[in-house]
Amino acid sequence: MGKRFTPNIIIAPSENKGSGHWLGQRISAIFLTFLGLWFVWSVVNGLGQDYDKTIEWVKAPKNYVLSLLFFLSLTYHMYLGLEVIIDDYIHISFWHTFSQFLLKLFSGILLITFILSLIHISEPTRPRLIS
């Protein structure tokens, strides 16, 4: 009997977390489907309202929570999708690592901006910027 050849296979990082990415993207897509429809419907119904009514709409607990869930799902879905693109198409180690770093930085800044915007809107003593 001859020796069997078994090659050493190096598993790329994306192959270790592929099922988690797949599931995360599907779950966030389901959330985005319903929350996106709600968001578009809300924006269309809010057209023509003045500033104060729009702020009061955002401050309503239901709208506040749904807006937060929409932006969380949107940022997470964007992050997962762009991470897969980086894993698939950037093969030089330095640029791959640098791109992943920029993606995490941009996603974090975007999420913090969304959250701080909602917090600022919900503050009772916020200054009125538009007269």
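The legends below describe close-up views of a predicted model.

**View 1. Helices H4 and H5 in contact.** Helix H4 covers residues 61-89 and helix H5 covers residues 93-122. Their axes come within 10 Å and cross at roughly 175°. Angles over 145 degrees count as roughly antiparallel, and H4 and H5 are therefore roughly antiparallel to each other. Sorted by class, the residues of this contact are 16 nonpolar, seven polar and three charged.

View 2. Helices H2 (18-46), H3 (51-59), H4 and H5 each supply at least two lining residues. H2 gives the most, with six residues. By class, the lining holds nine nonpolar residues, six polar residues and no charged ones.

**View 3. Aromatic rings around Phe 39.** The structure holds nine aromatic pairs. In one of them, the ring centres of Trp 38 and Phe 39 are 6.2 Å apart and the planes stand at 55°, so the pair is tilted. The rings of Phe 39 and Phe 71 have centres 6.0 Å apart and planes at 70°, so this pair is edge-to-face. Because Phe 39 lies in helix H2 and Phe 71 in helix H4, the pair ties together parts that are 32 residues apart in sequence. Ring pairs link Trp 38, Phe 39, Trp 57, Phe 70, Phe 71 and Phe 114 into a cluster.

**View 4. Accessibility of Trp 38, Phe 39 and Phe 71.** Trp 38 has 12% relative accessibility and therefore counts as buried. Phe 71, at 17%, also counts as buried. Phe 39 counts as partly exposed, with 25% relative accessibility.

Notes: Residues are numbered from 1 along each chain as its sequence is written. This is a predicted model: local features need pLDDT of at least 70, side-chain atom pairs count only at pLDDT 80 or more; totals for chains, interfaces and linings use all residues. Side-chain values use heavy atoms; hydrogens and water are left out. Axes are lines fitted to C-alpha atoms, for helices over the stretch in contact, and angles run from 0 to 180 degrees between N-to-C directions. Helices (H or I, at least four residues) and strands (E, at least two) are DSSP runs, numbered from the N terminus. Angles under 35 degrees count as roughly parallel, over 145 as roughly antiparallel, 65 to 115 as roughly perpendicular and the rest as oblique. Ala, Val, Leu, Ile, Met, Phe, Trp, Tyr, Cys and Pro count as nonpolar, Asp, Glu, Lys and Arg as charged, and the others, Gly among them, as polar. Rings of Phe, Tyr and Trp (its six-membered ring) pair if their centres lie within 6.5 Å; planes under 30 degrees apart count as stacked, over 60 as edge-to-face and the rest as tilted. Buried means under 20% relative accessible area, exposed over 50%, partly exposed in between (1.4 Å probe, protein chains only).
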